[in-house]
Amino acid sequence: MYTSTFISTALFAATVLAHGNITSPPARQPGPAMAQACGAASVSAILADGTGPLENIPSNGSPNCNIFLCKGAQFADNAALVQTLSPGSVVPFTAELPIPHEGPANVSIVDTATNSILFGVPLLEFDSYADENLAVLPANNTAFEVTLPTATGGRCETPGECVLQWFWFGTNAGQTYENCVDFVFA
Ligand SMILES: [Cu+2]
């Protein structure tokens, strides 16, 4: 009994580990505020595999929890990670994609109050990202940069208002990935 439980647990872990995430700049992490908003199970799911898709993260159904905004991660847990960025500057990103799934991806500035893209369009878009049929992924899938808008209209000057969001949807896998970098313009 013990042995079979151990084996099935090990297999499960091997199956679910590692799909992809942003490694730099620092992205929002789960914490006590997320446990409060979304339930402890959602935090446990991310701690078990920080690269898993949104679809693997249970929500408690609370109106305070939106897994489809920053994977449910809350600003209150990440105030120390806020990046101060200059309008018009170039921001390099690194990502890891241990299990690629072909599909569209983008990086955009998202208004966290409305979960909508600011400044009109994504800063960077891929029609086809993380194509597992390629022998080697293009270098720009895991190292890329975005140029921030110069005309900010006074937006994104308050910590928590805006995030730089990396979004990727693996079409055949039916898996959605998001990581959010908290920032302010200054
Ligand atoms: Cu995956």
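Predicted model: local features only at pLDDT ≥ 70, side-chain atom pairs only at ≥ 80, totals over all residues.
Begin by selecting strands S1, S3 and S7, which form an open sheet of 3 strands in the order S1-S3-S7, with antiparallel pairing. Strand S1 (21–24) and strand S7 (143–147) stand at the edges with a single partner strand each, so one side of each has no neighbour in the sheet. Looking across this sheet, you can see that neighbouring strands are turned against each other by 40 degrees on average, direction ignored.

**The aromatic rings**

Next, turn to the rings, for a search of the whole structure finds 9 aromatic pairs. Select Phe 126 and Tyr 129, whose ring centres are 4.8 Å apart and whose planes are at 50 degrees, so that the pair is tilted. Phe 126 is buried, with a relative accessible area of 11%, and Tyr 129 is also buried, at 0% relative accessibility. To widen the selection, show Phe 93, Phe 126, Tyr 129, Phe 144, Trp 166, Trp 168 and Tyr 177, which ring pairs link into a cluster.

**The salt bridges**

The last stop concerns charged side chains, among which 3 salt bridges are counted. Select Arg 28 and Asp 182, whose side chains meet at 2.7 Å, N to O. Arg 28 lies in the loop between S1 and helix H2 (32–38), while Asp 182 lies in strand S9 (residues 175–185), so the pair ties together parts that are 154 residues apart in sequence. Is Asp 182 buried or exposed? At 2% relative accessibility, Asp 182 counts as buried, and Arg 28 is buried as well, with a relative accessible area of 10%.

Finally, select Arg 155, which is partly exposed, with a relative accessible area of 29%. Its side chain meets that of Asp 111 in a salt bridge of 3.0 Å, N to O, and Arg 155 forms another with Glu 161, where the closest N and O atoms are 2.9 Å apart. Through these shared partners, Asp 111, Arg 155 and Glu 161 are joined into one network.

Notes:
Residues numbered from 1 in each chain as written. Heavy atoms only, no water. Phe/Tyr/Trp six-rings, centres within 6.5 Å; stacked < 30°, edge-to-face > 60°. Buried < 20%, exposed > 50% of the residue type's maximum accessible area, 1.4 Å probe, protein only. Pairing = 2+ DSSP bridges. Helix = DSSP H or I, 4+ residues; strand = E, 2+ residues; numbered from the N terminus. Axes fitted to C-alpha atoms, helices over the stretch in contact; angles between N-to-C directions. Salt bridge = Lys/Arg side-chain N within 4 Å of Asp/Glu carboxyl O.
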